Amino acid sequence: MSDLLRQVEPVIPALRRYARALVRNRAAADDLVQDCLERAISNWGQRREGDPRPWLFTILHNLAVNQFRRIASRGKHIAIDEANEDDFGQDAVQEQKLMYQDVLDLLARLPEDQRAVLLLVAVEDLSYADAAKVLDIPLGTVMSRLSRARERLQREIEGTADGAAKKVVQLRSMK
Amino acid sequence: MSHQPITEDDLHAYVDGVLEPERQAEVAAYLEGHPDAARRVAAFSDQRELLRKALAPIADEPLPPQLDLSGMIEKRQRRRSPVWWAVAAMLMLSIGGIGGWVMRGSLQASSGGLAALAQEAAYSYHVYAPDRVRPVEMRASDSAQLVQWVSNRLKQPVKLPDLTGSGYRLMGGRLIATSHGPAAMFMYDDDRGDRLVVLTRPMVSEQSAPMAPHSGGDVSGFAWADNGMGYSLVGQATADSLKPIANEVRRQARTI
């Protein structure tokens with residue numbers, strides 16, 4: 001159990017960050033992380049040796065996806081981009097903070113699967129292979145989703161999100 | 001420089017800083033000659049930095065109490081404690097078996113069949129007799145099915161002792177796992193709620209053995225074997241009051 005504590009505790013801040021970026025609500029995100037940790041404690045003996053991060057992110061991601069599905073099936077889906085912005089901090093007075101807020105708002109507009117890839121790779125520093133494991137998709141799909149996520153986010157950032165983006169060249173075919 | 005073409009994947013890996021140094025240099029060189037790709041890569045890098053900085057404060061927040069991992073582990077262990085107590089109790093009994101388990105009479109020298117059976121009966125008593133919710137798996141009202149079930153599993157006709165003459169009513173029974181295979185456990189209680197357990201299973205060694213008393217902790221009982229079937233009766237009553245009941249169980253079993 002001390003092994004569990006030593007290996008999992010340092011990952012909790014990153015798990016919270018990922019959960020918050022996915023569900024954009026502090027309480028809901030922390031509930032997900034708590035669920036994730038409970039499962040990690042119960043199943044600690046079944047993990048594979050090595051870095052526990054991909055394993056933990058897999059548990060968390062699946063819990064988040066299940067929650068999205070549950071909410072959707074109850075018909076009370078609150079679109080992520082309409083979620084309360086206050087959850088990312090009210091005192092967004094500084095210009096810098098506004099910019100951060102903006103990028104998070106734009107991130108929230110990405111399709112869920114693209115957002116997950118971008119977060120795991122660009123923010124949580126998972127390798128492409130580990131991201132593929134977490135999301136249970138082929139490596140090639142990770143790469144194409146990453147590409148689409150970045151292109152789309154960039155269009156949003158440049159304010160050309162009208163779909164008629166002038167210079168967007170899809171270098172990859174959609175997988 | 002190799003002439004492997006630069007792919008879209010290379011550009012992303014470049015942005016994420018996961019390329020081998022050699023390839024990283026190749027991509028950098030490519031970008032110098034391709035301003036469009038360079039612009040995209042620069043934009044993706046800015047985007048990456050922006051995202052990381054925007055989300056970094058979340059990871060810097062102090063953890064809420066609900067995510068205190070050591071507390072969660074502790075709570076989990078406490079929740080599990082009833083089981084641990086049961087395991088600990090079993091262990092104490094086993095240790096008692098080595099150090100303080102008292103087998104009198106002909107059982108004393110015996111390390112094999114009957115002593116093991118007596119111990120299994122005592123374990124079963126300790127685990128199931130205190131159970132107020134589900135001491136038995138099948139109730140007395142289903143006694144015919146109970147007998148059928150355990151007879152099938154033991155591959156032996158099992159006779160259900162009737163102890164009403166001794167003041168004990170059948171509560172029901174269940175199948176017990178022992179290191180010698182399945183055993184049938186029957187439980188009885190009297191008007192005061194005192195419980196008795198009768199355990200029976202086929203014997204591997206000591207196919208026939210005379211009745212001998214055994215005791216351990218706060219329970220005592222009698223064990224014997226007849227025609228390949230072993231029996232043990234265990235309760236918290238005194239050995240003197242258990243003996244006639246054991247005799248009655250043996251008498252009934254012999255009339256199969």
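Guide: A residue is buried if 20 or more other C-beta atoms (placed from the backbone) lie within 10 Å of its own, exposed if 12 or fewer do, and partly exposed in between. Keep in mind that this model is predicted: local features need pLDDT of at least 70, side-chain atom pairs count only at pLDDT 80 or more, and totals for chains, interfaces and linings use all residues. Residues are numbered from 1 along each chain as its sequence is written, while chains are lettered from A and ligands numbered from 1 in the order in which they are written.

Visitor: What percentage of the residues in chain A is buried?

Guide: Chain A has 175 residues.

Visitor: How many helices does chain A have, and how many strands?

Guide: Helices (H or I, at least four residues) and strands (E, at least two) are DSSP runs, numbered from the N terminus. Walk along chain A and the pattern reads α-α-α-α-α-α-α-α. So that's DSSP's tally by the rule for runs. In chain A the count is eight helices and zero strands.

Visitor: What share of the contacts in chain A with a separation of 6 or more joins residues 24 or more positions apart?

Guide: Two residues are in contact if their C-beta atoms, placed from the backbone, lie within 7 Å. Take the contacts in chain A with a separation of 6 or more; the part from residues 24 or more positions apart is 63%.

Visitor: Are α2(A) and α3(A) parallel or oblique to each other?

Guide: Axes are lines fitted to C-alpha atoms, for helices over the stretch in contact, and angles run from 0 to 180 degrees between N-to-C directions. The axes of α2 (residues 12-23) and α3 (residues 26-42) of chain A come within 8 Å and cross at roughly 130°. Angles under 35 degrees count as roughly parallel, over 145 as roughly antiparallel, 65 to 115 as roughly perpendicular and the rest as oblique. That's why α2(A) and α3(A) are oblique.

Visitor: How many nonpolar, polar and charged residues are in the contact of α2(A) with α3(A)?

Guide: On the α2(A) side you'll find Ile12(A), Leu15(A) and Ala19(A) among the residues that meet α3(A), where Leu32(A), Val33(A) and Cys36(A) are among the partners. Ala, Val, Leu, Ile, Met, Phe, Trp, Tyr, Cys and Pro count as nonpolar, Asp, Glu, Lys and Arg as charged, and the others, Gly among them, as polar. By class, the contact of α2(A) with α3(A) comes to nine nonpolar, no polar and four charged.

Visitor: Which helix supplies the largest share of the side of chain B that touches chain A?

Guide: Across the two chains, 26 residues of chain B are in contact with 35 residues of chain A. On the chain B side, α1 (8-15), α3 (35-60) and α4 (69-79) each supply at least two residues. By class, this side divides into 15 nonpolar, four polar and seven charged residues. The largest share, twelve residues, comes from α3(B).

Visitor: Is the crossing of α2(A) and α3(B) left-handed or right-handed?

Guide: The axes of α2(A) and α3(B) come within 8 Å and cross at roughly 130°, which makes α2(A) oblique to α3(B). A crossing is left-handed if the near helix is turned anticlockwise from the far one by less than a right angle, and right-handed if clockwise. For α2(A) and α3(B), the crossing is right-handed.

Visitor: Which residues in α3(B) does α2(A) meet?

Guide: The α2(A) side brings Pro13(A), Ala14(A), Arg16(A), Arg17(A), Arg20(A) and Ala21(A). This contact of α2(A) with α3(B) has six nonpolar, no polar and three charged residues.

Visitor: Which residue in the turn between β4(B) and β5(B) has a positive phi?

Guide: Two strands pair if DSSP finds at least two bridges between them. β3 (residues 169-178) and β4 (residues 181-189) of chain B pair in the antiparallel sense over nine bridges, and a hairpin joins them through two residues. β4(B) also pairs with β5 (residues 195-202) of chain B, antiparallel over six bridges. The hairpin of β4(B) and β5(B) has five residues between the strands, and the one with a positive phi, about 90°, is Gly193(B).

Visitor: Is Pro182(B) buried or partly exposed?

Guide: Pro182(B) sits in strand β4 of chain B. Among the residues it touches are Leu154(B), Leu175(B) and Arg201(B), leaving out those up to four places away in sequence. Because it has 15 C-beta neighbours inside 10 Å, Pro182(B) counts as partly exposed.
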